[in-house]
Number of protein chains: 2
Amino acid sequence: VILVDGALHEGSTAPFDYADRGLTLGDGLFETMIAFDGRVHRLDDHLDRIGVGLSTIGMVVPRARLAADVGAMAARTGATGGVLRLTVTRGAGARGLAPPDHPNPTVIVSLAPFDPRLMMQPVTLAVANTVRRNDRSPASRLKTLGYLDHILALAEARRAGAGDALVLDTRDRVACASVANVFRIVAGRLETPPLTDAVLPGVIRARVLSLADTAGLVAVERSLSVADLMAADAVFLTNSVRLAQPVTAIDGQGLAEVGRGQVAVLFAALAADVAAGTGTDPRGVA
Amino acid sequence: VILVDGALHEGSTAPFDYADRGLTLGDGLFETMIAFDGRVHRLDDHLDRIGVGLSTIGMVVPRARLAADVGAMAARTGATGGVLRLTVTRGAGARGLAPPDHPNPTVIVSLAPFDPRLMMQPVTLAVANTVRRNDRSPASRLKTLGYLDHILALAEARRAGAGDALVLDTRDRVACASVANVFRIVAGRLETPPLTDAVLPGVIRARVLSLADTAGLVAVERSLSVADLMAADAVFLTNSVRLAQPVTAIDGQGLAEVGRGQVAVLFAALAADVAAGTGTDPRGVA
């Protein structure tokens, strides 16, 4: 099912204005969230983030409208959960980049199954050599519709035999994986790049930083090089669907595992956080 | 009217698969062309360019299919012309960045009026300070669906009272305007940045370079700074719809006009080129 401007359609096909700037120009943002039994994990955080993003790109959409549409789709989730995607575009416009004087935004919510096997699934990375993430644009801190750079990075990583891409910014600092934030654990510290390194302010990224002390770690935002990751006690990824995933190798070189126990502690804290927010511990979903 | 996968629909609204990666991920490319009486200007150049682009992003769409769809829409143009937009996406996909094993691309062609007044319309520019174009991605040389960076740049320029944005790359070299290539004329030379400076290989850009000698100029591709533009005999923009436009000021500072006659000669050559290709001189369109 798909919810378009509050109307529910069976399947994923429904009427669409092909002049929608989301399609023609990538003029929009999205959020991905998990929900169980109608309850969305960290919904306020996601609505906060897309609200800041919409403001950054000069769009106004009432938060209550987004909350209502997400809520309507979340109501279709049960004990096995679901993955919600909220997409907001600037709506239809005439030819050219200038937005209409009075935009009529499009709000879309889709629902996909939640797959618990992706949580903590070990992953290998390959550094994307042909693509850098553009830290010189505010869009690098937004969850925009323009993912072609990361599609190219992922394709390159898969050709190299890795599971995901390690994407650097234009100064060759670590930015992220194709759809996840990157952390390292080293010498009692939990480190992740600052937002200025073309980093999306991930909802789970923020949660992990605030939960660092549960694993006896001190959270630090600092720029990281690939060598910093190679030298870590552990490296892991976070996002809203997979929560956490340990990285086992980068460019074919195995990483240390001495920090893996602390990654497990952080994942347990994230899972408990989901249980507190939604009533369902995702570790118990079959 | 809109043509979607070969089917014509009245208006711009038609059925759409909301799982289309063009909308969800900006996974696609487009071309903008002008046509008169069914004849598309430089159609082969546009099909060549999107063909290279599709290959770069790992997509396969038969050229004959694209030519047929563009031709079907072009057949609706008359003596006053039209602007065709060909959009190609990777089609529907499951959640995530990895493309489906067997993508089913979506091919869309739209038609808008041709406005001859935009040709040679003088324009002022403002340097986009908050956005740099990402020369560190192959996508910067492709006409992708992801135009949010330029939407932000244009909005900034409009707030500064200018007509268009002057977009720099991450090394602060001139890349382009929001939807046009940039040229300068100086001391008998016609200069434009090389593609490696985050430059789209514009169809009209290539035509202007090959027509330089009609204005007594020697064509040179070299990196340009904002100061280089300020010091020019003339600065102008090119794209497939406006052909050429003189730039009169950058950041409120008026530019020299001594090279404006050569811009006019180049524009006349471009217009004659359109006449040769389509049978209609766009300067004669009311």
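Below are some notes on the sheet, the cavities and the interface.

This is a predicted model, where local features need pLDDT of at least 70, side-chain atom pairs count only at pLDDT 80 or more, and totals for chains, interfaces and linings use all residues. Residues are numbered from 1 along each chain as its sequence is written, chains are lettered from A and ligands numbered from 1 in the order written, and side-chain values use heavy atoms, with hydrogens and water left out.

**The sheet in chain A**

Six strands form an open, antiparallel sheet in chain A, ordered β2-β1-β7-β6-β4-β5. Strands here are DSSP E runs of at least two residues, helices are H or I runs of at least four, both numbered from the N terminus, and pairing takes at least two DSSP bridges. At the edges of the chain A sheet sit β2 (7-9) and β5 (39-40), each with a single partner strand, so one side of each has no neighbour in the sheet. β5(A) pairs with β4(A) (residues 28-36) in the antiparallel sense over two bridges, and Ala35(A) has Val40(A) in β5(A) as its bridge partner.

Helix α2(A) (residues 43-56) lies across β4, β5 and β6 (82-89) of chain A, at about 180° to β4(A). Helix α3(A) (residues 63-74) packs on the sheet too, touching β1 (2-4), β2, β4, β5, β6 and β7 (106-113) of chain A, and makes about 25° with β7(A). Contact means heavy atoms within 4.5 Å; angles run from 0 to 180 degrees between N-to-C directions of axes fitted to C-alpha atoms, for helices over the stretch in contact.

A cavity is a set of points on a 1 Å grid over the protein atoms alone where a 1.4 Å probe fits but cannot get out, and lining residues have an atom within 4 Å of a point.

Of the 26 residues lining the largest cavity, Gly146(A), Asp149(A), Asn134(B), Gly146(B) and Asp149(B) lie nearest its centre. Residues lining the second largest cavity include Phe30(B), Arg49(B) and Leu200(B).

**Between the chains**

The contact takes 56 residues from chain B and 56 from chain A. About 4400 Å² is buried between them, 64% of it from carbon and sulfur atoms; buried area is the accessible area (1.4 Å probe) that two parts lose on being put together, summed over both. On the chain B side, Tyr18(B), Leu97(B) and Arg136(B) lose the most area to chain A, together 18% of what that side buries.

Note on methods
1 Å grid on protein atoms, 1.4 Å probe; cavity = no way out; pocket = protein on both sides within 12 Å on 5 of 7 lines; lining within 4 Å.
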